[in-house]
Amino acid sequence: MLYFYTDYMAGAHPEVASAMAKAGLEPHVGYGLDPVTENARKLILKACGLEKGAVHFLVGGTQANATVIDALVRHTEGVLCAASGHINVHESGAIEASGHKVIGLDAAEGRLSAATVERYLKDFYADETWEHMVIPRLVYISQPTELGTLYSRDELKALREVCRCYGLYLYVDGARLGYALAAPDNDVTLYDLAALCDAFYIGGTKVGAYFGEAVVLPEPALCPHFFSLVKQHGALLAKGFLLGAQFEALFTDRLYLRIGEHAIAMAARLRQALEARGYRLAVNSQTNQLFPVLPNAVLDRLTPLVGFEVWGVRGESETTVRFVTSWSTAEEDVEKLIALL
């Protein structure tokens with residue numbers, strides 16, 4: 001069986017696993033107050049070009065999204081995002097459960113444009129009854145998007161400007177950020193995210209860690225008592241050093257970028273083969289997720305041999321599927337998949 005379901009099927013990159021095993025044999029104080037975790041914070045802040053920012057380690061992406069949004073958005077306020085955004089589609093209403101309405105907007109290939117956000121806000125405030133409605137307070141995007149596409153630096157700057165004009169926060173979900181940073185078409189750096197966003201997180205679960213995400217707050221004063229909110233949302237790990245050890249490893253010797261580079265290389269090889277064989281791609285993904293449209297006969301033939309996801313509803317004659325690569329994707333497995341195709 002070949003596995004291309006997602007990018008968190010294997011445990012952790014060997015360098016991360018080794019660091020975690022080492023940390024696990026030593027005594028540490030709890031809740032991320034240990035020297036290992038503090039060093040991980042310093043490494044991340046340095047990588048982001050921040051001197052006074054804050055870094056909080058949470059156990060998962062949904063908890064990170066719910067906690068950050070709850071910290072920045074009141075219960076009379078809502079969140080704007082792409083209709084395909086993770087918080088709108090695949091988080092079981094976690095944001096709404098915290099008391100914040102999610103407002104999905106049209107977005108080409110998963111990218112929410114500044115023009116779309118501005119048009120929505122203009123129409124919203126043009127309605128004389130807007131105070132009776134959920135007030136938009138935060139724009140949520142992910143880099144890369146749910147469909148593997150990328151925001152450019154100029155697109156982020158445009159979104160930042162619209163948010164500034166209308167008093168909204170800009171928050172970036174970085175569950176797969178390592179794959180965005182490694183993509184050849186990418187021009188957005190960690191420095192850019194720190195300069196243009198009010199909050200973002202660096203994903204570990206999908207990028208080589210056993211689990212964990214690093215929330216970065218360039219201006220910590222925007223989220224007072226964030227530590228308490230992390231605990232309230234069930235995202236605070238008592239053995240916090242296990243998170244710190246993983247991110248210390250990920251941000252040593254370019255490991256986070258090396259993981260991304262390998263996954264991107266494997267996805268590029270697979271994409272080249274798909275296109276060479278005449279398969280149409282439903283989305284022009286630039287990262288480690290590929291969305292080919294397969295004839296149902298091919299889909300059915302592959303199903304017993306290859307692990308992948310059907311993306312959406314099965315069509316009458318052909319269906320969009322998703323193949324995902326990661327740090328653990330072996331080149332020989334990519335070649336076997338290509339042979340089957």
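Two elements, α3 (61–72) and β5 (135–142), each supply at least two residues of the lining of the largest pocket. Here helices (H or I, at least four residues) and strands (E, at least two) are DSSP runs, numbered from the N terminus. The greatest contribution to this lining comes from α3, with three residues. A pocket is defined on a 1 Å grid over the protein atoms alone, as an open set of points with protein on both sides within 12 Å along at least five of seven lines, whereas a cavity is a set of points where a 1.4 Å probe fits but cannot get out; lining residues have an atom within 4 Å of a point.

The model is predicted: local features need pLDDT of at least 70, side-chain atom pairs count only at pLDDT 80 or more, and totals for chains, interfaces and linings use all residues. Residues are numbered from 1 along each chain as its sequence is written, and side-chain values use heavy atoms, with hydrogens and water left out.

The largest pocket has a volume of about 410 Å³; a volume is the space filled by probe spheres set on the grid points, which are joined across faces, edges and corners. Its lining comprises 26 residues, and Y8, H86, A175, R176 and K206 lie nearest the centre. Six of the lining residues are nonpolar, 12 are polar and eight are charged. In this classification Ala, Val, Leu, Ile, Met, Phe, Trp, Tyr, Cys and Pro count as nonpolar, Asp, Glu, Lys and Arg as charged, and the others, Gly among them, as polar.

The second largest pocket holds about 290 Å³ of space. Of the 15 residues that line this pocket, A47, L190, F251, R254 and L257 are the closest to its centre. The lining divides into 11 nonpolar, two polar and two charged residues.

Helix α2 (residues 35–48) may now be followed along its length. Its 14 residues reach 20 Å from the first C-alpha to the last, close to the 20 Å expected at 1.5 Å a residue; the expected span is 1.5 Å times one less than the number of residues. At the start of α2, a side-chain oxygen of D34 comes to within 3.1 Å of the backbone nitrogen of V36. Just after the helix, G49 takes a positive phi of about 70°. Within α2, the residues V36, T37, A40, R41, I44, L45 and C48 are buried, where buried means under 20% relative accessible area, exposed over 50%, and partly exposed in between (1.4 Å probe, protein chains only). Their cover includes β2 (54–58), α9 (190–196), β7 (199–203), β8 (213–217) and α11 (241–250).

The structure also holds one cavity of 30 Å³ or more. About 60 Å³ of space lies in the largest cavity. Strands β3 (77–82) and β5 each supply at least two residues of its lining, and β5 gives the most, with three. By class, this lining has five nonpolar, five polar and one charged residues.

In the loop between β5 and α7 (153–166) lies T149. T149 is buried, with a relative accessible area of 0%. The T149 side chain reaches the backbone oxygen of E109 at 2.6 Å. Leaving aside neighbours within four places in sequence, T149 is in contact (heavy atoms within 4.5 Å) with E109, R111, P144, V283, N284, S285 and Q286.

Conventions:
Polar contact = N/O pair within 3.5 Å; in protein donor to acceptor, adjacent residues only side chain to side chain.
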